[in-house]
Amino acid sequence: NNNNNNNNNNSFENDLNTNIYDINSSLIDDSIENIINLKNQDILPDEMVTFKNLSELQIRNQQLLQIIFELRSKYEQEIQTKRDQELETAQREIKELRETKEQFYEEIQTIIRQRDLFKQSINHLANLSKNSFDDLSNPLTLLSAASSSITKNIKNKN
């Protein structure tokens with residue numbers, strides 16, 4: 001049983017990892033596609049890519065590196081935010097599944113107790129019928145005995 005639970009947990013973790021990988025790939029693909037769809041002038045103004053001399057080129061490079069750093073930081077924040085949202089959703093779903101599993105377990109335990117109670121009642125009823133063959137001719141007596149037996153068993157369980 002534990003082996004089965006471990007297999008289910010491993011399967012769930014593999015599915016979750018696959019989903020996270022798919023989301024990350026999708027985010028990267030979407031970002032690349034958005035950049036490709038932009039025109040050069042939308043990404044950088046002309047004054048950022050033109051220069052008059054070497055020192056101006058160095059300044060532009062520093063400015064461009066700063067822009068790249070800021071864009072990268074912003075992109076990583078967006079990715080992290082989306083990952084956090086997906087993680088929260090997955091954790092919420094896991095919690096709901098665990099609660100549902102617990103409810104099913106409790107229902108199964110209730111059904112098992114009812115089954116055991118009915119078994120005891122039937123056994124008690126069978127013993128009553130064996131001991132008093134005269135009562136078999138009167139179904140109401142038999143039903144009354146069974147009812148009182150069930151009532152006693154319920155009171156004993158509670």
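The model is predicted, so a local feature needs pLDDT of at least 70 and a side-chain atom pair counts only at pLDDT 80 or more, while totals for chains, interfaces and linings use all residues. Residues are numbered from 1 along each chain as its sequence is written, and side-chain values use heavy atoms, with hydrogens and water left out.

I will start with the fold. The protein chain has five helices and zero strands, and its pattern along the sequence reads α-α-α-α-α. Helices here are DSSP runs of H or I with at least four residues, strands are runs of E with at least two, and numbering goes from the N terminus. Helix α4 covers residues 54–131, and several of the features below sit there.

Of the 158 residues in the protein chain, 9% are buried. Buried means under 20% relative accessible area, exposed means over 50%, and partly exposed is in between, with a 1.4 Å probe and protein chains only. The accessible surface of the protein chain is about 13600 Å², and carbon and sulfur atoms hold 52% of that. Those areas come from the Shrake-Rupley method with a 1.4 Å probe, and for residues only the protein chains shown count as cover. As for contacts (heavy atoms within 4.5 Å), take those in the protein chain between residues at least 6 apart in sequence: 51% of them join residues at least 24 apart.

Now the salt bridges. Side chains of opposite charge can pair when their charged atoms come close. The cut-off used is a side-chain nitrogen of Lys or Arg within 4 Å of a carboxyl oxygen of Asp or Glu. How many salt bridges does a search of the whole structure find? It finds three.

One joins Arg-60 to Glu-56, with 3.4 Å between the closest N and O atoms. Both residues are in helix α4, four residues apart, which is about one turn of the helix. Are Arg-60 and Glu-56 buried or exposed? Both are buried.

Another joins Glu-76 to Arg-72, where the closest N and O atoms are 3.0 Å apart. This pair also lies in helix α4 with a spacing of four residues, about one turn. Glu-76 counts as partly exposed because its relative accessibility is 41%. Arg-72, at 54%, counts as exposed.

The remaining one is between the side chains of Arg-115 and Asp-116, at 2.9 Å from N to O. Arg-115 is partly exposed at 42%, and Asp-116 is partly exposed at 29%.

Last, the surface patches. Patch residues have over 30% relative accessible area and no salt bridge; like charges are joined within 9 Å, and nonpolar side chains (Val, Leu, Ile, Met, Phe, Trp, Tyr) within 5 Å.

Which residues form the negative surface patch? They are Glu-86, Glu-93, Glu-96 and Glu-99. Lys and Arg count as positive and Asp and Glu as negative, with His and the chain ends not counted. A charge is placed at NZ of Lys, CZ of Arg, CG of Asp or CD of Glu. Glu-93 belongs to helix α4 and is partly exposed, with a relative accessible area of 46%.

A nonpolar surface patch consists of Phe-104, Ile-108 and Ile-112, which together have about 270 Å² of accessible area. Ile-112 is in helix α4.
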